Amino acid sequence: MSSDISSLEDFMRVALIIVACVNAYRGCLGGLMTNIGFEKHLPDLGLITHYSEFGKSPVHEISPWTKIILLPVVVFNITVIIDLRLLLMILFAVVCLYWASELPIVLLLYWWTLPVFFVASITFLLIWSVPGSDLVSYGPIHLTLEGVALFVTLIVKTLIGVTYSLVLLMTTKYNYLTHIISKILPYPLSQIALLTYRFLFLTLEGLKSMVIAMKSRGGLKLSGIRKHGKFYGSVFALAFIRSFDKADHVAKAMQSRGYQGKLASSYYVPRPSAGGYAFIFVAVLLSIFSYSFGRYF
Amino acid sequence: MSNDKQLSACEFRELEEDELIHVDCLEHVYPDGTSSLHNVCFSLFKGEIVVICGANGAGKSTLVEHLNGLVKPKVGRLVVLGQEVTQKTGVITEVGLVFQDSDSQVFAPTVLDDVMFGPLNKGFTADAARLAAICALERIGAAHLTNRIPYYLSRGEKRLVAIAGVLAMNPEVIVADEPTSDLDPFHSRQIESVLFELKTDFRISIVIATHDMDLAARIADRIYVIAEGQVIATGTPRDIFYNKSVLARANLNEPTAVRLYKRLCQGGSASDFKPVKEHDLVKLLEGVIGKAEP
């Protein structure tokens, strides 16, 4: 009997945690998006371009090559490092870099919402089956310390990736990116990457206006996760379909101005300075060190 | 004035001197089998402004997209700047195309980058392209937009940038599709005066596709009226705008000046001088009032 009662208590705990999580999702994400406006959670393209083209921070002065080379280093770190303390340190360093770039911190918090939502919606299902020391359990369902750690780890990894990507995009001129991508990727991959990058801006712009148009007709007054999911699903699908039409127009406009399959780039991109090389070297060394010894922490 | 009788038996014409764009018996069929252009003949001569008038869906934009070889003629002949356009010909960049949807045309991160896009494609160095872009923006009075971000521009400003984008490529012809549609009167006038100055100051020939009859009346040297994919009339603005049946067939209105003149003439004797532009009408009225004064 007592074991039944304890099982029931466990069940209640699990149920309460699930309800709390769902409410947290609804409150923090759904509510936030509904009340503050979904469009604030989409990166502001004009603002990104403004910072990348006209920013004057010390990070803007760093050679684009240095920032690009550091990207795979960051990706390596978030792929192989599993120690949460190390990942939190990297996140702190990347946020500091963002701050040093004189980029808007408040907006970063908004822009984190969608990636966190995406990752959380997947990992939320995974954490219940991670073995380890139980926090709560009911039958086959176990919420372990390791499960919670996995959840937080994946979120932190996502935030590192998103934040560094934003730093890169918001502190590097598009023409420099064009030049570098055309140097490091073979044709036609380079062209695909460049056009995708540019076209992403146009698609997001269309998406934003679509959300605003739907919002003005009461589309976002829907309540409930399912309805919200359906709403955003249809918006994204519509944006995807419309992007074909848009792509056709853009391609015509580009062709009529002489585009023949290769984006012309004749910019000089400054090479990394001695300090830049040293920074890359230290970052690579630290990554290897973290990977080698991180697992023993 | 020629009319649709000529189109029943379409024949290739001789290329004339100073003819920059020559179109003979052009046909265009959409993939679903709908005919969008049928037996279209068109000419553009050096230093003139030709306006293609037609209602929505008449085939203006399709014709316009042929004029620099962006769309290749499958049936008919298209000669642009002395070069015959075939399926293998590339786009002729000496004919600059300003699209109706400036949002799609202006896609680079900054205005300067966007205007430099064409010159860079033509093989200019970065410095030369920058110079060409700045000159083009100055020419049309948009130098203040140089370092702006296109997303934050108004429609009128975007249209100016789109014009600068083709102007930077030193075109001999500029083709503008609905250049003043969805613009406020101020920006509409601004675009109109920019196009007019390009003709008068830089001897650039202009083709404008529009259903704005007042714009056509003010700016055109010659007019083509297009309806259901066919050219149903060509001539001077005066020929076209005083031909009620042509305008009715093309679902177009008379320009304001013509409409007012006709109203004023109702019941009275018409003047030999038929005004097309508001300015002409004002002159005429001034003359009438001057005579009537004691």
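Okay, so let's start with a term: a salt bridge here is a side-chain nitrogen of Lys or Arg within 4 Å of a carboxyl oxygen of Asp or Glu. Keep that in your head, and remember that what we're looking at is a predicted model. By that rule, the count over all chains comes to 18 salt bridges.

Let me show you one of them. Find Arg77(B) and Asp24(B): they form a salt bridge, and their closest N and O atoms are 3.3 Å apart. Why is this pair worth a look? Arg77(B) sits in strand β5 (residues 75–80) of chain B and Asp24(B) sits in strand β2 of chain B, so the pair ties together parts that are 53 residues apart in sequence.

While we're on that strand, look at Cys25(B), which is also found in strand β2 (residues 19–29) of chain B. Its phi is near 50°, a positive value in a residue other than glycine.

Now, on to where the two chains meet. For chain A and chain B, about 2600 Å² is buried between them, with 60% of it on carbon and sulfur atoms. Chain A brings 30 residues to the contact, and chain B brings 34 residues.

How many salt bridges cross the interface of chain A and chain B? The rule finds two. One of them is between the side chains of Arg257(A) and Asp114(B), at 3.1 Å from N to O. There are also six residue pairs in polar contact between chain A and chain B, counting pairs with both residues at pLDDT 80 or more.

So which parts of chain A touch chain B? The elements giving two or more residues to that side are α2 (45–54), α8 (174–184), α9 (189–216) and α10 (225–256) of chain A. The largest share comes from α10(A), with eight residues. Sorted by class, that side of chain A has 13 nonpolar, nine polar and eight charged residues.

In the loop between α8 and α9 you'll find Pro188(A). A cis peptide bond joins Tyr187(A) to Pro188(A), with omega about 5°.

And finally, go to helix α11 (residues 274–294) of chain A, where Leu286(A) is found.

Note on methods: Residues numbered from 1 in each chain as written. Chains lettered and ligands numbered in written order. Predicted model: local features only at pLDDT ≥ 70, side-chain atom pairs only at ≥ 80, totals over all residues. Heavy atoms only, no water. Helix = DSSP H or I, 4+ residues; strand = E, 2+ residues; numbered from the N terminus. Contact = heavy atoms within 4.5 Å. Buried area = accessible area lost by both parts, 1.4 Å probe. Polar contact = N/O pair within 3.5 Å; in protein donor to acceptor, adjacent residues only side chain to side chain. Nonpolar A, V, L, I, M, F, W, Y, C, P; charged D, E, K, R; others polar.
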